[in-house]
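The notes follow in the order in which I took them.

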Amino acid sequence: MFQPTIVVVGNGMVGYKFCEKLLTRSSHFNVIVFGEEPRIAYDRVHLSEYFSGKTASDLSLSTTSWYTDNNIELHLNDPVQEINRSEKTIHSLKGLTIKYDYLVLATGSSAFVPDIPGVEKEGVFVYRSIDDLELIKTYATNAKVGAVMGGGLLGLEAAKALIDLGVEETHVIEFAPRLMPRQIDSTGSGMLLSKLKNLGLNIHLNKNTAAFVGDHKIEALKFNDDTSLPIDMMVISAGIRPRDELAKLAGLHTGTRGGIIVNEKMQTSDEHIFAIGECALYEGMIYGLVAPGYEMADVVASYLTGHEKGFYGYDMSTKLKLIGVDVASFGDAFITEPDCRTIIFEDTHKGIYKRINISNNGKYLLGGILIGDADTYNMLLQTVNNKITLPPNPEDLILGSRGTEDSEGTGVISLPDDALICSCEAVSKSAICSAVNDGACSIDDIKKCTKAGTGCGGCVPLVKDLIAGTMKKNGQYVKNVICEHFEYSRQELFDLVKINKVKTYDLVLDHFGKGDGCEICKPAVASILSSLWNDVIVKQDTIQDSNDRYLANIQKGGTYSVVPRIPGGEITPDKLIIIGQVAKKYGLYTKITGGQRIDMFGAHLNDLPEIWKELIDAGFESGHAYGKALRTVKSCVGSTWCRFGLHDSVSFAIEIEERYKGIRAPHKIKGGVSGCIRECAEAQSKDFGIIATEKGWNLYVCGNGGSKPQHAQLLATDIDSTTCIKYIDRFLMFYIKTADPLTRTATWLNKMEGGMSYLKNVVINDSLGIAEKLDEEMQQLVNTYHCEWKEVIESPNVRKRFAHFINAPEEKDPSIKFEAMREQVKAQW
């Protein structure tokens with residue numbers, strides 16, 4: 001059977017999307033793709049995330065095997081050099097000549113580089129591809145002052161990149177009198193300018209660069225007003241130019257200012273050649289967003305497979321987060337009175353600006369602009385696109401309902417079925433609701449079956465509302481999110497933080513949350529960050545509750561308790577003497593805990609580092625009694641002393657505790673090792689408990705004491721020590737990755753579908769295929785352990801926090817009083 005040959009020139013996001021769209025409609029084509037870059041198609045929308053931990057592989061839209069599996073012939077690092085329209089052939093740089101039946105030009109755009117003297121100097125870069133970012137990343141290591149030419153979307157993205165790379169001083173140079181002139185009005189731009197300046201960015205408006213100054217490398221910018229700015233590096237991000245040079249050589253019609261002219265079918269002046277994406281010029285417009293490019297790809301795929309579809313322009317509404325600041329515009333953002341009525345809300349204190357334009361009869365929303373708070377963007381856009389009648393008080397759209405009760409998801413559910421929810425992938429409300437009805441009950445599920453949310457990601461909040469609304473309508477359970485600031489479960493946020501390698505609370509909030517955070521999400525994120533990176537939790541100053549902030553448990557009366565680690569409850573006489581001396585010196589009340597340690601109560605805040613130093617010098621370290629982490633591994637005396645003991649439970653308990661010390665989790669973790677079935681260490685009431693048998697050890701998991709005690713359940717029998725540790729590694733790591741905040745292992749197991757049978761399959765039988773990964777992740781945590789007390793006493797800046805009075809660090813809290821109790825003292829309260 002004859003298969004027409006389609007040659008795709010360009011393997012960017014739009015070229016790849018065309019192949020994907022074509023395959024969903026037909027497999028009766030011979031597809032050949034030429035890419036200019038040495039790597040497969042990758043996500044340029046989130047290119048700046050390359051600097052915050054994402055790799056080229058993370059950004060890839062597919063794999064090389066995808067092309068092979070779908071019989072697509074792929075030629076990378078081999079740009080097409082010539083089109084012979086009369087013979088219907090193309091010629092590539094590497095000498096290939098391919099005959100085509102249809103040719104699809106997806107050549108995209110290149111960075112616009114102004115003709116300024118010195119532009120060729122070392123240290124001047126463009127911001128367009130992964131290769132560009134690699135060069136910027138390398139050069140930035142020796143740069144203290146960087147500048148970006150361009151105050152539009154790409155320019156501000158580039159500025160964020162320099163900040164992420166640690167460039168101490170970053171400047172944005174903009175020729176126009178305001179930032180982002182194509183997206184927001186002058187008032188909104190002023191608000192954005194103020195917020196960016198507060199974040200440490202230096203903005204220069206109305207600046208025309210005359211020259212890049214320096215010998216062989218850039219040293220300064222010279223402006224037309226005779227001022228200058230010393231810099232170490234320059235990133236040019238002043239716009240794009242459509243890549244139409246190949247089309248021009250082939251004699252195709254192009255615009256006077258660039259771009260390949262196309263009709264509504266995306267056909268060029270040659271009916272067998274199509275142009276899509278940023279190289280295509282439709283009715284005088286170059287569309288610089290990915291969603292219109294995807295729509296163009298779908299139009300061509302439809303045409304080639306005999307389906308009627310046309311491209312008649314595209315809504316350029318967009319929502320962005322620029323250096324942590326929400327910026328959005330939708331509909332007709334710039335229409336003014338008397339053609340409309342405008343409602344504006346402005347809060348200079350919080351840096352929020354909202355403008356909506358409504359029809360003169362007050363019935364319809366025409367467009368608007370949001371700065372600083374764009375939570376309502378998706379519904380406002382839907383209100384415009386679907387011509388939804390406005391409420392009696394249209395200002396409620398930006399001020400909130402102010403007293404009326406709106407059930408969650410009602411607005412989304414009330415949208416018409418054909419409402420376009422995901423513009424990148426052209427996914428309607430009905431398609432998403434149908435997917436939910438068929439069992440897709442998470443964002444990941446919806447992405448897989450509809451591709452909604454896989455483009456720019458701006459529709460994800462709306463998709464989540466649709467999922468929740470549809471599930472509630474069906475009487476299904478809707479999962480709880482962490483809090484109002486994060487619309488993710490702990491497990492989802494854990495994966496997002498890990499994949500994107502985010503390492504501070506502020507960045508987690510910027511990337512995945514909203515608002516300023518709260519006492520619920522701050523400790524939860526702190527736990528996630530510590531569980532992933534094992535970083536010093538006290539250095540995350542914005543996210544600790546009082547216990548984590550001061551690495552000690554705050555007690556009644558305002559004092560703190562100190563609990564050094566005593567693995568397995570074993571302690572030498574010398575260390576006992578040191579504890580006695582420290583307690584006596586600082587007037588501390590001492591008590592042996594249920595976990596076989598010694599707790600010292602009544603410490604003043606500014607005494608904590610001194611107490612820790614004396615304990616550390618004696619060989620102690622933090623017992624993490626204040627953290628959601630491993631507390632203790634309790635043991636009996638085992639075969640070392642007991643006539644019933646089968647194995648050395650003390651040594652094994654010490655080995656276990658030394659392995660997992662400091663590991664953070666959704667809740668505290670306790671363990672126990674008993675030398676025989678008599679169970680003196682109460683192992684079956686612990687999160688993990690180990691009991692000696694004649695042949696080895698029995699491992700129990702998911703027990704706890706407390707107000708709702710629960711016995712641990714048997715996970716494995718008669719295993720050796722190595723296997724026991726391996727299973728505990730997997731169990732704990734699986735718990736850390738999947739449990740909700742403040743959920744003990746017993747509760748976690750109770751809620752787990754399949755219960756212990758499922759957990760056994762995951763941990764022992766590797767039913768999910770993640771055992772090796774769990775092993776590696778636990779070993780990484782073990783390898784990166786640090787004593788948090790020691791980190792404080794060795795860091796002068798952190799140590800400064802341990803003072804009741806900033807201006808008198810030696811002074812203790814005068815309100816704290818003590819009273820005698822059984823030959824010791826306790827704090828009054």
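I began with Lys265, which is buried at a relative accessible area of 14%. The model is a predicted one. I then looked up the partner: Lys265 forms a salt bridge with Glu308, with the closest N and O atoms 3.2 Å apart. The pair links distant parts of the chain, 43 residues apart, with Lys265 in the loop between strands S18 and S19 and Glu308 in the loop between helix H8 and strand S22. Glu308 counts as exposed because its relative accessibility is 74%, and the cut-off for exposed is over 50%.

I next examined Arg565 and found a salt bridge with Glu657, the closest N and O atoms being 2.8 Å apart. The two residues are 92 residues apart, and Glu657 belongs to helix H21. Both Arg565 and Glu657 are buried.

I turned to the cavities and counted 3 of 30 Å³ or more. Arg664 is buried at 2% relative accessible area, and Glu788 is buried at 3%.

Last, I looked up Ser359, in the loop between strands S25 and S26. Ser359 is buried, at 12%. Its side chain makes a polar contact with the side chain of Asn361 at 2.5 Å and reaches the backbone nitrogen of Lys363 at 3.3 Å.

Note on methods. Residues are numbered from 1 along each chain as its sequence is written. This is a predicted model: local features need pLDDT of at least 70, side-chain atom pairs count only at pLDDT 80 or more; totals for chains, interfaces and linings use all residues. Side-chain values use heavy atoms; hydrogens and water are left out. On a 1 Å grid over the protein atoms alone, a cavity is a set of points where a 1.4 Å probe fits but cannot get out, and a pocket is an open set with protein on both sides within 12 Å along at least five of seven lines; lining residues have an atom within 4 Å of a point. Grid points are joined across faces, edges and corners, and a volume is the space filled by probe spheres set on the points. Helices (H or I, at least four residues) and strands (E, at least two) are DSSP runs, numbered from the N terminus. Buried means under 20% relative accessible area, exposed over 50%, partly exposed in between (1.4 Å probe, protein chains only). A polar contact is a pair of N or O atoms within 3.5 Å; within protein, one must be able to donate a hydrogen and the other to accept it, and residues adjacent in sequence count only if both atoms are side-chain atoms. A salt bridge is a side-chain nitrogen of Lys or Arg within 4 Å of a carboxyl oxygen of Asp or Glu.
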